[in-house]
Structures are given as C-alpha cells and as structure tokens.
Amino acid sequence: MPERKQFRAIKGTRDILPPDSALWNWFEQTARDVFESYNFGEVRLPMFEETELFARSIGVETDVVSKEMYTFEDRGNIHVGFPETIEEVLVSNEAVQAAWQAGRIPHTMDNELRVNLIGHACGSISEEGAPALLRFISALHALDLGDSLTLRPEATASVCRAYIEHNLQALPGNAKLYYIGPMFRRERPQKGRYRQFYQIGAEVLGASDAPAIDAELLEMLLVFFHRVGLRRTTLYINSIGDKNCRPAYVELLRAELQKVKDRLGPDSQRRIETNPLRVLDSKIPEEQPIIEKLPRISGHLCDDCRAHFSKLKDELNLRGIEYVENWRLVRGLDYYTRTTFEVTAAGLGSQNAVCGGGRYDGLVELLGGPPTKGIGFAIGTDRSILSIEEGGNAPKLAGLAVYVAWMGPAAYPAAVRITRKLREAGLTVELPPEEMKFKKSLGLADKLGARYALIIGEDEVASASYTLKNLADAEQRKLSENDLLEYLESERRGSRA
Ligand code: AMP
C-alpha cells in the first residue's frame, strides 16, 4: 500500500474559499471602480521577472532582496531533442551557441557529440553512441545556462520595466496604472503576514512630479478605504529628500549613529554601514529613546524638497485629508525619494500597515529608461480585509437567492426551464441534481442560506402556478411563471434577493 500522504498548502500560503472569496472579489472590484473613476487603467503583469530587476530597483541591502525572494534558475532554452547535426544544435539554440563561444562546453564533449552526430546522420549510430549523446544533452542541462528568475516580491519594479519596454512615455499625459495580484516574500508567517500575499497597487509615471499628483493619489486611496468600510485608519507622511539632499543627511545620520553604536542591537549596528535610514524603522524598545534624539531629515531637506513637501501638505489640506507627519517613515525599499507614506488600520496588532508607498523619481532611469518621475502605493489586501472584518464592516453580500425544490418527473423540465430564466435575470439559483422529498429539499435550502425556496411539484406544473417560500419568515405565495420572475427581479433590485 502506498503511503497516504496528506498534502497541505505550503507554509505562509492559504486557500481563500467561498464565502470569503466573494468578499475578496468585492474588495478588488471596488478598487477597480474607484481607481477607474480617477482614470487609472489596469496593467496585468507577469508573476516572475529577471532577478536583477528586483535587485537593482529594490536594492540588494534590503531585507526583501537579501533574504526574502523566491529565486530560481530557469532551465534556459535547451531543447532535449535528438539533433540531426551539430549545426542544428548550435544554430537553433542561442543559449548553447553562446556557451560554446564562451568556451563553456568542454572540448572533449564536443568531439564525443560530433562523432555520434555524424554517425547518426549517416544512419550508423552505434548502440554506445546513443547514450553518449544523451549524456551530452544532460550535461548541457547541468551547465548553468538558464536565467535567474524571481517570483515578484512587489510590482513597482515590473510596472517600471513595462513602462520602459512599451515606451509609455510617448503616450499623452501621465501613465496611470493599477494592478491586482499576489506577491511572494519568504517572511516569517504570522497573523497578517504571509509568504504569498495580495496587493492592489497604483502608480503614476510621467514627466511631472507636481505635489498635486501625490495628493490626488492619496485622495484616491482614502476614498477607496472609505468605500470598503476600512475605518479607523491613520495616514502617515514624510519626505525623505532626493539625491541632492539625502546623501548628506545619510552621512550625518551615519556619523551620529556611530557615536551611539554600542547601545544599538546587532541589526541596527549592521545597518549603520549598509543602510542607516533603516535604523529609523527599528521597533526595538531599547533603541527608541536613542533614535528619538537623532537628527531629523526635515531639518536637512534642500529647498526644492522642502517646497515640494510643503505644497503636498497644502494640497492635502485643500482636499480635507487628515495626516500625521512621521519623520521616521523611511520605508524599506531603496528606490523612494521625497514623499513617503503609510496607512495603518485598527485591529491588526503589530502588522498594522495596510498600505505603503511613495515617490520614486529616478527609478525608471535606474532601470535604463528615460528620465521619469513616479509615485505609487501598494495596499495589502489580506490585512485590509482582516481589519474590515474585525471592525464588523464586512458587507452582507448577496448569496444564494433561490433554491428550487422540485419533485416528480413532470416537475423536472419546468424546474430546469425556470431555473435558467431566473439565472438569466441575474439571480443566484441552486437546482438540486437529483429528486428529493420536499421536506429534505427545504431543509437543505435552509442550510445553504437560500432566501427563497421555489416549490415545483407535479400539481404546480399542472396549474402553472408555483409556490415561493420566503425562508426568513416562512411566508408563501403562489405565482405564475411571469409573476414569479417579476417578483424576484423586483426583490433583487431592492437588493433583497
Ligand atoms: P510594501 O510593498 O512592503 O510596502 O508593503 C505594502 C503593503 O503590503 C503593506 O502595508 C502590507 O499591508 C502588505 N504586505 C507586505 N508584506 C506582506 C506580507 N508578507 N503579508 C501580508 N501583507 C503584506
């Protein structure tokens, strides 16, 4: 007997089943509606990219790139076929050709192949020849010819890559794009933190970095949060300067951190060298009084950055958006400049950030594109939904409207016909595939949470009049097929069915 292994979802991943998935769909659909009202269009991106894209944009010193990426070697472009000639192997296969030219295919192997290929071409391949050829092909596979790929840990880098690849700067106005989908990071799973998690993000890329762009993006975000019932949120904002003023501040911070190094934990000590700004992210209680005394970026912004930040606050005030300035909000990824922001929500414990974002002027250029300004955010769907549920604000989504309780062979064709009509009218209808006693049928309708049971027996078919039972109050009414349709449709419009 083979071992009966129980397969389970990989740690940090999970299944989202009905009825939760309906809540997720509603959440994502609301994002689409709100974002599209701000004239954003959806971009559907690949789930994996070249590793270097993330390393270059997010930064090799960040936790995401240094510890958390799901990276794998692609298998390259080698075909496991039985080539007719050596030229076929070389010419048809760029990866092999490149390896050949770079001297990565051992010469002896080349001879072995040549002998056997020629033998094969002459129709005289020996019995020993075939395994030698197969050995060669598997040796080609073992050579490291594949690309290094990574499951996306975030999507801003991909959006920038797509912006460059499709020359979107040539389009009129700013590129305003949103995306919805899973991201992958090998973090330690806990409540609100998964290895496959979901984000909804929006990005604005183009020639302008007007603070009104930042403010409108934040307005859109908060309108969305309000629409989905994510209340008790706080918006934190900061400016972390740009390439003109940040380097001097980072050096100053590094120098100040050196003075207090002995009082910091190992992570912060390491970051003094690698990324001093990240020390400001520290949540370690003993480090807090030390960090509070460090020089603040707001005192070291250049005139342009200070003006940009001040205008952003004017723009937020104009829109009636409340915010809290937080000088320690530097965000974990390297590419941010000027505006950074985060939204936290109640009911989530330590993992309470539901959205993060900021400006990334220069990222497109770093990835080989034209000079471009950019800003964006990513909402964590998992946590947002948790917070909505914990706040008791999850909407009651229309579930099963009608359960068709039919009995008797003559009732079945009528049940099939009426079910289809009700579904066409937009109702959710369950039709049991096998005949059941009415009592059992009605019991199941109740358990499934149907709002109505439609009773179709042979008598009903004979009189062309059907019994509709409201399962909440047990009220029954007899209706003709047309009246039934009309009644249920009007109930649905009144959002009761
Ligand atoms: P980031 O891309 O790190 O700025 O994250 C943006 C948002 O995505 C965060 O505010 C979280 O809501 C969410 N998020 C990030 N990492 C995870 C994770 N491992 N599990 C669940 N949500 C996450």
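The axis of a helix is a line fitted to C-alpha atoms over the stretch in contact, and angles between axes run from 0 to 180 degrees between N-to-C directions. The views below all come from a predicted model.

**Figure 1. Helix 1 crosses helix 9.** The axes of helix 1 (residues 20-37) and helix 9 (residues 211-227) come within 10 Å and cross at roughly 140°. The crossing of these two helices is right-handed. On the side of helix 1, the contact is made by Thr30, Ala31, Val34 and Phe35. Helix 9 contributes Met220, Val223, Phe224 and Arg227. Sorted by class, the contact between helix 1 and helix 9 has six nonpolar residues, one polar and one charged.

**Figure 2. Helix 2 packs on helix 8.** Two packed helices are described by the angle between their axes and the distance between the axes. For helix 2 (residues 51-58) and helix 8 (residues 156-165), the angle is about 105° and the axes are 9 Å apart. Helix 2 is therefore roughly perpendicular to helix 8. Leu53, Phe54, Ser57 and Ile58 of helix 2 meet Ala157, Cys160 and Arg161 of helix 8. This contact has five nonpolar residues, one polar and one charged.

**Figure 3. Strand 4 pairs with strand 2 and with strand 3.** Strand 2 (residues 48-50) and strand 4 (residues 148-151) run antiparallel and are joined by three bridges. Strand 3 (residues 71-73) is also antiparallel to strand 4, again over three bridges.

**Figure 4. Strand 15 and strand 16 form a hairpin.** Strand 15 (residues 466-470) and strand 16 (residues 476-479) run antiparallel and are joined by four bridges. Opposite residues can be traced along the pair. Leu468 stands opposite Arg477, and Lys469 stands opposite Gln476. In a regular strand the side chains alternate between the two faces of the sheet. Five residues lie between strand 15 and strand 16. Among the residues of the turn is Ala474, which has a positive phi of about 65°.

**Figure 5. A shell of 17 residues lies around the ligand.** Phe197, Ala353, Gly356, Ala378 and Gly380 come nearest to the ligand. Strand 6 (196-206), strand 10 (353-359), strand 11 (373-380) and helix 15 (381-390) each give two or more residues to the shell. Strand 10 gives the most, with four residues. By class, the shell has six nonpolar, five polar and six charged residues.

Conventions: Residues are numbered from 1 along each chain as its sequence is written. This is a predicted model: local features need pLDDT of at least 70, side-chain atom pairs count only at pLDDT 80 or more; totals for chains, interfaces and linings use all residues. A residue is near a molecule or strand if its C-beta atom, placed from the backbone, lies within 6 Å of it. Ala, Val, Leu, Ile, Met, Phe, Trp, Tyr, Cys and Pro count as nonpolar, Asp, Glu, Lys and Arg as charged, and the others, Gly among them, as polar. A crossing is left-handed if the near helix is turned anticlockwise from the far one by less than a right angle, and right-handed if clockwise. Two residues are in contact if their C-beta atoms, placed from the backbone, lie within 7 Å. Two strands pair if DSSP finds at least two bridges between them. Angles under 35 degrees count as roughly parallel, over 145 as roughly antiparallel, 65 to 115 as roughly perpendicular and the rest as oblique.
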